[in-house]
Amino acid sequence: MQPIAIGVENYKTIIENHYYYIDKTWMLKELSDQKGTVNLFTRPRRFGKTLTLSMVRAFFEDERTDQGEKIDNSRYFAGKKIMAAGDKYISEMGIYPVIHLSLKSARQPDYGMAYGCLKDEIIREFDRHSYVLLGDQLSGKEKEDYRRILNETAEPNKYATALKLLSFCLKKYHGRNAIILIDEYDVPLENAYLRGFYNRMIDFIRSLFESALKTNDALELAVVTGCLRISKESVFTGLNNLEIHSILGNCYAKYFGFTGEEVEQMLGDYGLTQKMPEVKRWYDGYLFGETEIYNPWSITNYVKTAISESQPFPKPYWSNTSSNSIIRELVEKADSDTKAAIEQLIAGKTIEKPVHEDITYEDIHRTQDHLWNFLLFTGYLKVESKRFEGRSIYLTMSIPNEEVLIIYEDTIKEWFDKQVKAIDFSPFYRAILSGDCSSMQKFLKENLRRTISYYDSQEAFYHGVLAGFLAAMPDYTPQSNREYGNGRPDLVMVPYDEEAPVVIVEIKVCKRFTDMADGCRRALEQIEERDYAAPFLDKGYARILKYGICFCEKTCMVDVS
């Protein structure tokens, strides 16, 4: 049984160590057919973008040692699908110089550190190809410019155009145009937006990309990856040969993430075929173009865990790989319409929004529609259907699976807990202890309208809200669903002082506002019929307040006896 690699993003490492690999090498044929273009692939995080770029590099690169000796990488593709593509494609193996740059290291607190990390990446790539200085293909001036980049003595503007210089040097040495691979291109931009130096960073990235990818006579093919498609006007200005492959398109759809057939094959290989329904419910649900896709990070983690545990349970593996800050930001800044949409999504329903693929980070908060698109392209929503109206495309979207649903629920719970801590509960507590139903009702209504009822008006949601409100009531111990009398009241507040009143609360939920009074009556009758107060009377507590509270959507009614 082959071992499963978690977090290994280098294609050659996976093949060398005989890790389980789902063969995606046929993508190389399609890329070869598209030569002469700049390809931008946008996919959610942990969907194999970095691994794919390392595969592209391993196949096409004319890799050299420090002394300029050729390295044969053909063994990494023995038995792989690409080898059946024909001589036309196999003949391109190992013949192109490749520039491979990752921008993920630019996730830094200020521009100086982010720029420094990007500069280090560029220098590292110059160092990897420093064998070009050993030959006589480059002129003295070209070698001098190359060494200045390498030795960190070049002017800052030279690093913004360094990839173009490197590609020309490689072309002169190898006699072939260079392939340029850029991974995580939007990480510096997202980080700069969140940290407050977006304009400085975008100026650098724009110069880097324009010089390398626009009117570069030494460019054979470019592949750029990221999570979000950033407006051409902000990064890819004037780049006429850009082909964008987002999750909405059919091209290359099956090469990022796992298809249903690939997941079935993997589960079968590890004796887990019976787990397919569970895996589908938790990790399926993405739609790239017209292709159904599973989350590859979660699948590999699930299978690796399952083969080592006798009774494996699904876990939210993908949700633990980032802070999910965009979901938190959406919830915290939600207006009433956004809250209503989130409630629909968590209740298993859909929302419909127009498509805005060309956006910048600066645009995200200009309209709520941009936020929904952001969630779609980063994997927090999936496309259910499309329609065209006027000049716009509208997408019907939903939450992809159980794993992503947990992110919404946990984030909303965290947000709700934060909101609760900021509320002054003293008027509410005074109303409870004095039997002031009107004031209790007003307080609950006001705060219900601030929440997101992600349990779709089920009693458990209202129980949780009320329990949260009562948790900090001074001089009282909150008890939930404890056995008293002949049953389990929803909430009981037991005082430290025997002279203070015991508070018993029974909750009901109805679907019509006109039924709330009846709900309160039934709640109070239940308290009496099941004799919830008996144990406290036996102990000699002086007073007992019995509340029946009936909720309906974002309103309620309170009664006391």
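Begin with the open sheet of three strands, whose order is β9-β11-β10 with antiparallel pairing; strands (E, at least two residues) and helices (H or I, at least four) are DSSP runs numbered from the N terminus, and two strands pair if DSSP finds at least two bridges between them. Select 351-354 for β9 and 382-389 for β10, the edge strands, each of which pairs on one side only. From one strand to the next the twist averages 25°.

This is a predicted model, in which local features need pLDDT of at least 70 and side-chain atom pairs count only at pLDDT 80 or more, while totals for chains, interfaces and linings use all residues. Residues are numbered from 1 along each chain as its sequence is written, and side-chain values use heavy atoms, with hydrogens and water left out.

Then select residues 368-377, helix α16, which lies across β9, β10 and β11 and runs at about 105° to β9 (axes are lines fitted to C-alpha atoms, for helices over the stretch in contact, with angles from 0 to 180 degrees between N-to-C directions).

Finally, select helix α9 (residues 187-195) and helix α10 (residues 198-213), whose axes come within 8 Å and cross at roughly 165°. The two helices, α9 and α10, are therefore roughly antiparallel to each other (the term covers angles over 145 degrees). Show P188, L189, A192 and Y193 of α9 together with Y198, M201, I202 and I205 of α10, which make the contact (heavy atoms within 4.5 Å).

Conventions: Parallel < 35°, antiparallel > 145°, perpendicular 65-115°, else oblique.
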